[in-house]
Amino acid sequence: MGVPQAMDALRGKAALVRESLKKSQTITESMVSILGSFDHRLSSLETAMRPTQIRTHSIRRAHENIDKTLKAAEAILTRFDLTRKAEAKILRGPHEDLQSYLEAIDQLRSNIHYFSSHKSFKSSSGIITHANNLLTKAISKLEDEFRNLLANYSKVVEPESLFDGLPDSLRPSASPAKRNDNKKDSDNQKNLENAVYTPPTLIPPRVLPLLRNLSQQMVQAGHQQQLFRIYRDTRASVLEQSLRKLGVERLSKDDVQKMQWEVLEAKIGNWIHYMRIAVKLLFAGEKKLCDQILEGIDSFRDQCFAEITANSVSVLLSFGEAIAKSKRSPEKLFVLLDMYEIMRELQSEIDNLFGTKSCTEMRESAQSLTKRLAQTAQETFGDFEEAVAKDATKTAVLDGTVHPLTSYVINYVKFLFDYKTTLEQLFQEFEGGDPNSQLKNLTKRIMEALQANLDGKSKQYKDPALTQLFMMNNMHYIVRSVRRSEAKELLGDDWVQIHRRIVQQHANQYKRISWAKVLQCVTIQGVAPPGGGILGGDSGSGISKAMVKDRFKNFNVQFEELHMRQCQWNVPDSELRESLRLAVAEVLLPAYRSFHKRFGPMVENGKAPNKFIKYKPEDLERMLGEFFEGNTNVEQKR
């Protein structure tokens, strides 16, 4: 195809395109017109449908409100039903089913809270009032139930049950007054420190959860004071009855002053036992019970425990105070130390049990008693030292034996060493310094006071030989007792050796005073008369037969007099007695044998020799064996 033809064809196509575009424009304009018409109609339809839409929305909201109202009504009806059921349980009381009763109270509280937060409900106010009145009745019945349950299961603890809670070494076997025998053994003291005490079961464990729930319900209801009063009165009464049954009694200072010492000593021993039982068993048990039943009510619980135990603590401590304030006497020292020991032993338990602010008074009262007992013990020490120095008893020891004062003081000192640890603790706490040195000085002063007093008592004897025998006996008793006791370690070997020499000095003085004249009778020197004349004797001896007879006669008289008198004297220590006899025999018998052998034939060859030579050396030895036996029925030898 040529170019002109192509151009024609192209023009023809372009004309077709223009024609198509014109038609498309016409269609578009028609569509715009139609769509505009639709938009107008839709607007009209929307305007027509609006009221319908509004009514439909209102209906939907109404349905929602109806659902909410039905649900609220259902909840209220449920609350009404729960209240009715709770009321029924409460009206039946807690006896049948305590747990269900407590649940009913919880439900009432829940209902009151519910209606209090829905006060728009027309009857809310009336329902709340009714529920509160019902709750008040319920709590009142709950108080009665708590009171009855607590009273029914709070039983007086029998003494046997308390003894079972003690370590074996502290359980009374025969009588409570004997329980402190030999208790100062150091091993026993260590065992006591590690001993296990088992507090009694005051209320059965199965009842405790119920009582705890009841107490918590009462607290929630604002009835703390009622709970406090019921619990305090019930438990305090049972505690006091348990102590009375054990033997605890309130005694005043006047009551103590009127008692015989034996009775008072037994009561003090009992008191020590009671203190240990009260603190470690009864008070510990009450504390545990308070913690369990009044759990979570700390300040209230502490005050309650304080008031439960206050009177019982007062009764126990008042007896200790009465003893500490009573008239001092030496025999009270050891019971004072016993009482001081038990208070020291229990101090940590007392501080633990009564450690709260509510128990301050009881804790301080116990501490005050401990200090007062220590002070009185120290003052009694001073009294004892002074009493030993000034003892003026006129009781004469006729046979020269150990004086009662000596045995009393030595036993006293030996007992002091049973309390050595306690005494050192007491000195350390209240005086300071070296407690061992203080105890040593105190013991020395007591010994010096005793020795000085004995020296004064020895002057009462008219026979100076008996004076020496008395001092020998007493000093020997002191030395022997010290050597066999813990006092030796404290006083030392030097003290013992010095006082042994004192014993020997008195023995030597006795021999010199008693036997000097007797020995002069059988001494060879001085037998011949001053002129040296011979009176029918051995011409080689230059000795007068008459003088020999006179010597034998004087010897017989003096020896018999000593025998009769000194057989009544007493040297109670067998070793010392034999030693003294031997010392006399070693001086007397050789002298008599020598004199008898040399001059006896002069008399024996004469007239009536038995009148002058009455004793052979063997007779004297036998008779010396009768000396110092304390025999008051000795007859004079003829």
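The protein has 21 helices and 0 strands. The model shown is predicted. Of its 638 residues, 42% are buried.

**Whole protein**

- Among contacts with a separation of 6 or more, 81% are between residues 24 or more positions apart.

**Helices H10 and H11**

- Two packed helices are described by the angle between their axes and the distance between the axes.
- Helix H10 covers residues 298-325 and helix H11 covers residues 332-353; they pack at an angle of about 160°, and their axes are 12 Å apart.
- Angles over 145 degrees count as roughly antiparallel, so H10 is roughly antiparallel to H11.
- The H10 and H11 crossing is left-handed.
- On the H10 side, the residues in this contact are Phe305, Leu317, Gly320, Ile323 and Ala324; on the H11 side, they are Leu336, Met339, Met343 and Leu353.
- Sorted by class, the contact between H10 and H11 has 8 nonpolar residues, 1 polar residue and no charged residues.

**Thr406**

- Thr406 lies in helix H13, which spans residues 404-418.
- Thr406 counts as buried because its relative accessibility is 0%, and buried means under 20%.
- With neighbours within four places in sequence left aside, Thr406 is in contact with Leu450, Leu454, Asn474, Tyr477 and Ile478.

Terms used
Residues are numbered from 1 along each chain as its sequence is written. This is a predicted model: local features need pLDDT of at least 70, side-chain atom pairs count only at pLDDT 80 or more; totals for chains, interfaces and linings use all residues. Side-chain values use heavy atoms; hydrogens and water are left out. Helices (H or I, at least four residues) and strands (E, at least two) are DSSP runs, numbered from the N terminus. Buried means under 20% relative accessible area, exposed over 50%, partly exposed in between (1.4 Å probe, protein chains only). Contact means heavy atoms within 4.5 Å. Axes are lines fitted to C-alpha atoms, for helices over the stretch in contact, and angles run from 0 to 180 degrees between N-to-C directions. Angles under 35 degrees count as roughly parallel, over 145 as roughly antiparallel, 65 to 115 as roughly perpendicular and the rest as oblique. A crossing is left-handed if the near helix is turned anticlockwise from the far one by less than a right angle, and right-handed if clockwise. Ala, Val, Leu, Ile, Met, Phe, Trp, Tyr, Cys and Pro count as nonpolar, Asp, Glu, Lys and Arg as charged, and the others, Gly among them, as polar.
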